[in-house]
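Keep the viewer open as you read.

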Amino acid sequence: MMTKLEVLFTRNEIEAAVRRLADEISSDYRDKNPIVLGVLKGSFIFLADLIRLLDFPLEVDFVTLSSYKEQTESCGEVSMDRCFTSDLKGRHILVVEDIVDTGLTLHFLIDHLRAESPASLRLCALLDKSSRRKIPVHIDYLGFTIPDRFVVGYGTDCAEKYRNLPDIRYLEKNV
Ligand code: PRP
């Protein structure tokens, strides 16, 4: 099978978006010592770039959630393989995601986080495939809205491949 990878966002375009998000987040969180909670695996590159632009005290934690299971279609089930290690009660939580698609993953996570009684809970996502939403999810800090096409790169994968691409590309199969 041949695979074609057309660029959607270049490294420079991603950098500009991350910088804009970091500016917005900085003005809201400067004195809040937030926990920046990355959703693995897809968010790891975005989170690493984002937090290096935040010059105020913060903590980082990760949670592993998975919904795609080696396919290009969400199977509709979310599993949590690793829970957060921090005590979230009374803390300001900023969840960082690479992409929101059906919304099932974030809906699941936000329900769990609310039960921990954080002081505040917001979501930062680099990509929003909003036309695919099955459950409403409010994104407080958004990089780009994208069409309903499969994307890879900058942390996002297809069957664990392409996470290392420095840009974001469309993945077309059977081309
Ligand atoms: C992707 C992405 C989100 C989720 C979004 O993760 O990182 O967590 O899917 O999809 P949804 O809105 O339809 O729930 P994936 O399950 O592919 O795991 P990964 O982060 O390890 O790549």
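This is a predicted model: local features need pLDDT of at least 70, side-chain atom pairs count only at pLDDT 80 or more; totals for chains, interfaces and linings use all residues.

Helices (H or I, at least four residues) and strands (E, at least two) are DSSP runs here, numbered from the N terminus, and the expected span of a helix is 1.5 Å times one less than its number of residues.

Residues are numbered from 1 along each chain as its sequence is written, and side-chain values use heavy atoms, with hydrogens and water left out.

Now the overall layout. The protein has three helices and nine strands, and along the sequence they follow the pattern β-α-β-α-β-β-β-α-β-β-β-β. Of its 175 residues, 46% count as buried, where buried means under 20% relative accessible area, exposed means over 50%, and partly exposed lies in between (1.4 Å probe, protein chains only). Taking contact to mean heavy atoms within 4.5 Å, residues 24 or more positions apart account for 66% of the contacts with a separation of 6 or more.

Two strands pair if DSSP finds at least two bridges between them. E2 and E3 run parallel and are joined by six bridges; valine 39 stands opposite valine 63 of E3, and valine 36 has valine 60 of E3 as its bridge partner. To get from E2 to E3 the chain goes through H2, and this β-α-β crossover is right-handed: with the strands pointing away from the viewer, the path from the first strand over the helix to the second runs clockwise. E2 also runs parallel to E5, with four bridges between them, and there glycine 38 stands opposite valine 96.

What about the helix in that crossover? H2 covers residues 44-51, and its buried residues are Phe46, Leu47, Asp49 and Leu50. Looking down the axis of H2, these fall within an arc of 165 degrees, so they line one face of the helix; the arc is that of the directions from the helix axis to the C-beta atoms.

H1 has its own buried set: Ile14, Ala17, Val18, Leu21, Ala22, Ile25, Ser26 and Tyr29. Take alanine 17, which counts as buried at 5% relative accessibility. Alanine 17 and leucine 142 are 125 residues apart in sequence, yet 8.7 Å apart in space, C-alpha to C-alpha.

That brings us to the nonpolar cores, meaning sets of buried Ala, Val, Leu, Ile, Met, Phe, Trp, Tyr and Cys residues joined through side-chain atoms within 4.5 Å. Among the 28 residues of the largest core, Ile25, Phe46, Leu50, Cys124, Leu127 and Ile168 touch the most other members. The elements giving two or more residues to this core are E1 (3-9), H1, H2, E5, E6, E7 (141-145) and E9 (168-173), and H1 supplies the largest share, seven residues. Another core, of 17 residues, lies apart from it and includes Leu88, Leu123, Ala125 and Ile139.

Phenylalanine 46 deserves a click. Leaving aside neighbours within four places in sequence, phenylalanine 46 is in contact with Val18, Leu21, Val96, Glu97, Cys124, Ala125, Leu126 and Tyr154.

Most residues other than glycine have a negative phi, and most peptide bonds are trans. Tyrosine 154, in the loop between E8 (151-152) and E9, has a positive phi near 50 degrees and is buried at 3% relative accessibility. Asparagine 33, in the loop between H1 and E2, also has a positive phi, about 40 degrees, but is partly exposed, with a relative accessible area of 31%.
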